[in-house]
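Thanks, everyone, for making the time this morning.

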Amino acid sequence: MKTVLNRYASIALVALAVALIGGIDQATKDALNVRHILRTIERQPPRSAGDDLTAEVTETELNAYIDYRLAQEKEPVCDSLTIKLLGHNHVQGTLSFDAQRLNLDTLLGDNLNFVFRGVLLTRDGTARIDLISLHLNGQPVKPQVLDFVIHTATLIYRTESSGIDDWYELPKGIKRIMVNNAVAVLYY
């Protein structure tokens with residue numbers, strides 16, 4: 001009798017697990033997939049330059065991961081970031097900040113919605129975006145405006161401040177990234 005109850009309990013547990021996994025929305029699945037890829041890359045031993053492995057992350061997965069990471073932050077520096085992966089390492093994106101929370105609303109307006117386009121550059125495990133164009137609420141602005149907003153946000157949230165021209169460290173293990181239409185190829 002006890003083995004029959006254990007069998008039914010096991011079946012019920014498996015059915016519950018399947019139902020819970022099926023209940024996760026696609027964006028969460030995409031974000032968790034990127035997190036899994038990054039953790040897998042992090043655990044890989046270093047390779048010589050000719051032996052690089054690759055992993056692909058789609059534009060949809062990348063944006064789901066960015067949303068997931070922003071949701072995990074207690075006080076995120078920005079409200080949202082959406083990236084569009086274009087060909088030949090070109091990227092386009094929208095970056096939004098809460099002007100009132102940054103005390104910049106009287107200076108720059110209520111909404112701080114930056115639209116940017118640039119080229120993703122990577123070298124030796126670091127990356128940066130070389131801006132081609134930058135708009136704030138539909139108006140072209142100089143990169144110094146975005147630098148000012150980011151610097152202000154980092155002061156308020158007491159995080160490290162750096163400029164948009166700085167090189168940023170890629171997640172551990174990633175050597176470089178190539179961007180094609182709607183996909184980023186991670187080399188590790």
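Predicted model: local features only at pLDDT ≥ 70, side-chain atom pairs only at ≥ 80, totals over all residues.

The mean pLDDT of the chain is 88, and 87% of the residues reach 70 or more. Among the elements, helix H1, residues 2–22, has the lowest mean pLDDT, at 52, whereas strand S2, residues 80–85, has the highest, at 98.

Three strands make up an open sheet, in the order S1-S9-S8, with antiparallel pairing. Strand S1, 54–58, and strand S8, 176–180, stand at the edges, and because each has a single partner strand, one side of each is left without a neighbour in the sheet. From one strand to the next, the twist averages 25 degrees. If we look at S8 and S9, the latter covering residues 183–187, we find five bridges joining these antiparallel strands, and Arg176 has Tyr187 in S9 as its bridge partner.

What does Leu186 touch, once its neighbours within four places in sequence are left aside? Its contacts include Ile37, Leu38 and Ile41, as well as Leu53, Thr54, Ala55 and Val57, and also Ile174, Arg176 and Ile177. Leu186 also belongs to the largest nonpolar core, which has 38 residues, and is one of those that touch the most other members, together with Phe97, Leu102, Leu112, Phe114, Leu146 and Ile177. As a general background, nonpolar side chains in soluble globular proteins tend to be buried together.

Next, a residue on another strand. Gln92 lies in strand S3, residues 90–98, and counts as partly exposed because its relative accessibility is 29%, which falls between the cut-offs of 20% and 50%. Leaving aside neighbours within four places in sequence, Gln92 is in contact with Thr82, Ile83, Lys84 and Leu86, and also with Phe116 and Arg117. With Arg117 there is a polar contact of 3.2 Å between the two side chains. The C-alpha atoms of Gln92 and Ile132 are separated by 9.6 Å, although these residues are 40 apart along the chain.

Most residues other than glycine have a negative phi. Asn103, in the loop between S3 and helix H4, 105–108, has a positive phi near 60 degrees, and Asp124, in the loop between strand S4, 111–123, and strand S5, 126–136, has a positive phi near 45 degrees. Are these residues buried or exposed? Asn103 is exposed, with a relative accessible area of 61%, and Asp124 is exposed as well, at 76%.

I will finish with Thr154, which lies in helix H5, residues 143–156. Its relative accessible area is 5%, so Thr154 is buried, the cut-off being under 20%. Beyond its neighbours within four places in sequence, Thr154 is in contact with Thr159, Glu160 and Ser161.

Conventions. Residues numbered from 1 in each chain as written. Heavy atoms only, no water. pLDDT = per-residue confidence, 0-100. Helix = DSSP H or I, 4+ residues; strand = E, 2+ residues; numbered from the N terminus. Buried < 20%, exposed > 50% of the residue type's maximum accessible area, 1.4 Å probe, protein only. Contact = heavy atoms within 4.5 Å. Polar contact = N/O pair within 3.5 Å; in protein donor to acceptor, adjacent residues only side chain to side chain. Core = buried A, V, L, I, M, F, W, Y, C linked by side-chain atoms within 4.5 Å. Pairing = 2+ DSSP bridges. Axes fitted to C-alpha atoms, helices over the stretch in contact; angles between N-to-C directions.
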